[in-house]
Amino acid sequence: VLFLQIVHILNMTSAKIVSFLLHPEESLHSLQNRIEFETGISTGNQELLLETGICLDPRKPASQCVIDGVRGWDSYMVYLFDKSKTVYDGPFASRSLSDCVNYIVQDSKIQLPIPQLRKVWAEAVHYVIGLKEDYSRLFQGQRAAMLSLLRYNANLIKMKNNMVSASQQLKAKLEFFHQSIRLDLERYSDQMAYGISSEKMLKAWKEMEEKASQCAQAEDIGYLDEQIMALHTEIVELQKSPYARRQGEVMESLEQRAIDLYKQLKTRPPDHAYSDSTDMVKIIVQTVQSQDRVLKELFGHLSKLLGCKQKIIDLLPEIEVALNNIKEADNSVMQMQGKRQREIWHLLKIACTQSSSRSLVSSSLEGTASTAAATWHPQSSSGHSAPHPLSSLAAPEDGENFADVIRENVNYLELFSSILQEVRQEQNCMMVS
C-alpha cells in the first residue's frame, strides 16, 4: 500500500477533488486523458499547476504530481485550471450535510439525549472543519495561480527589456546611418563636377535613405510598452489586494468555537439529561455564510488573476513579432551601411587609378619631349646649318638612341591603353552594381 502512488486533483472550475491511482511509468498525457474523462476539460485546455505555480512538464511521467515520502502525500494537491475560461463562476455550493447534522439544522431546538448529541455534534464539528479546509485548498489553488501569473510576468518583463534594448540600439544605428549618408551625399555632390559620377549609385544611396526612414517604424514600440506597463500596474494591485491574502480567520474562530462547544458537551455526565443544538447550529450557519462570502471574494480575485495571465499570453506573440521586426530592420541598416562603404572605397580605388594613369602619361610625354630636344638641333644664328635628321641615322650611336625612344613610347602607350581599359571595366562593374 505504501508504494501506491495516488494523485489528488482539485478542479478549480468546480471546487471538487478527483483522485487517481497512477500506473507504473504512466505518462502525463495518459493521466490527462483520464482527467478529461472525469472532468470534461479537454487535454488541450488543461493547465495543471503545483503549489509553487509551476506547470507540469509533459515530457516527464505523471509521477511528478506525487511528492516523495509518506508524510503529507494524502493532502498534497495538484490544481487543475481550464485555459479556455478566464472567469470562474464561484462561489460553489458548500459540501452536503450528513443526515444527522441536517436533522438538528432543520430543528435546532429538538431535545436529544447527551450520548446521541455527542455523536451528532462530533459530525457537526467535522462538517465545520471540512468547510474551512475546503476554503484553504481553494485558497492554495488561487495562490498557485498567482505564482504562475508572476512567472509569466517575469518572462514578460524579460522580453520587454530585450525589446526596449533592441529598439534603442536600432534608434542609435539609424541616427548614425542618417548622419553618415547625408555627409556622403554632400561630399559626393561636391566632387561630381571634377571627379567621378554615377547616377545609378546616387539613386541607390537615396533609396537607402528612404528605406532607413521606413526601418524607423520598427523602433516604435510605444503602444506595446504602454500595454505592458498598464498590465504590470494591474498585477501589482492584485498582489496588494486583501483578497490575495488568506481570509479564513472568521472560519477558523468558528471552528475553534465548535470544538470548544463539543468539549463542553463531553464533560457532561452521560445521564438521562437532554439538550438542544441551538449553539452548534448557529456556528454551522455562520460558517456556511462565512464560506460563501470568502469564496465569492476568492473566485472574483482568481478571475482577475486569470484575466491578467491571458493578457500576458496574448501579448507575448506581439512582442516576438516586434523583436523580429527590430532585428530585421537592424540587419537591413547594417547591410546598407556596409554596401555604401564598399562603394565609397570602390570610388576611391577608381580615383587613385585615374590619378596614377595621368601621372604616367605626363611623365612619358615629358620624357619624349626631352629626348626629341636632345636629338634635334635647330639652325644656329651664326649661319651654320645643322645636320639633316636623316644624316644622323648614319651614325650607329644616334640610331640606337632613336630606336630606344620609340620602344619606350610604344611601351608607355601599351601601359596607358591597359590602364584605361581597366578603368572602363571597373566603372562598368560599378554602374551594374
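Student: Which residue forms a salt bridge with Asp225, and how far apart are the closest N and O atoms?

Tutor: In this predicted model, the partner of Asp225 is Lys160, and their closest N and O atoms are 3.6 Å apart. Lys160 lies in helix α3 and Asp225 in helix α5 (residues 222-240), so the pair ties together parts that are 65 residues apart in sequence. Lys160 is buried, with a relative accessible area of 16%, whereas Asp225, at 26%, counts as partly exposed.

Student: What is the general idea behind such a contact, and how many salt bridges does the count come to?

Tutor: Side chains of opposite charge can pair when their charged atoms come close. In this structure the count comes to twelve salt bridges, among them one between Glu47 and Lys309, with an N to O distance of 2.6 Å. That pair links distant parts of the chain, since Glu47 belongs to strand β3 and Lys309 to helix α7 (residues 278-375), 262 residues apart. Glu47 and Lys309 are both buried.

Student: How is the salt bridge between Asp134 and Arg137 to be read, and by about how many helical turns are these residues separated?

Tutor: The side chains of Asp134 and Arg137 meet at 2.8 Å, N to O, and because the residues are three apart in helix α3, about one helical turn separates them. Asp134 is buried at a relative accessible area of 17%, while Arg137, at 22%, counts as partly exposed; the cut-off for buried is under 20%, which is why the two receive separate labels. Salt bridges that share partners also join Arg95, Asp134 and Arg137 into one network.

Student: Where in the protein is Gly141, and is this residue buried or exposed?

Tutor: Gly141 is placed in helix α3 (residues 114-191) and is buried, with a relative accessible area of 0%.

Student: Turning to the strands, in what sense does β4 pair with β1 and with β3?

Tutor: Strand β1 (residues 6-11) pairs with β4 in the parallel sense over four bridges, whereas strand β3 (residues 46-49) and β4 run antiparallel and are joined by four bridges.

Student: Which residues point each way from β4, and are they buried or exposed?

Tutor: Met77, Tyr79 and Phe81 point one way, while Val78, Leu80 and Asp82 point the other way, and all are buried. Strand β4 (residues 77-82) is accordingly described as mostly covered, with six of its six residues buried, and β1 is also mostly covered, with five of its six residues buried.

Student: How many residues lie between the strands in the hairpin of β1 and β2, and which residue there takes a positive phi?

Tutor: Four residues lie between the strands, and Ala15 takes a positive phi near 60 degrees. The two strands pair in the antiparallel sense over six bridges, and Val7 has Phe20 as its bridge partner in β2.

Student: Which residues make the nonpolar surface patch?

Tutor: Val1, Leu4 and Leu21 make a patch of about 330 Å². Leu21 is located in strand β2 (residues 16-21) and is partly exposed, with a relative accessible area of 40%.

Terms used:
Residues are numbered from 1 along each chain as its sequence is written. This is a predicted model: local features need pLDDT of at least 70, side-chain atom pairs count only at pLDDT 80 or more; totals for chains, interfaces and linings use all residues. Side-chain values use heavy atoms; hydrogens and water are left out. Patches are made of residues with over 30% relative accessible area and no salt bridge: like charges are joined within 9 Å, nonpolar side chains (Val, Leu, Ile, Met, Phe, Trp, Tyr) within 5 Å. Accessible areas come from the Shrake-Rupley method with a 1.4 Å probe; for residues, only the protein chains shown count as cover. A salt bridge is a side-chain nitrogen of Lys or Arg within 4 Å of a carboxyl oxygen of Asp or Glu. Buried means under 20% relative accessible area, exposed over 50%, partly exposed in between (1.4 Å probe, protein chains only). Two strands pair if DSSP finds at least two bridges between them.
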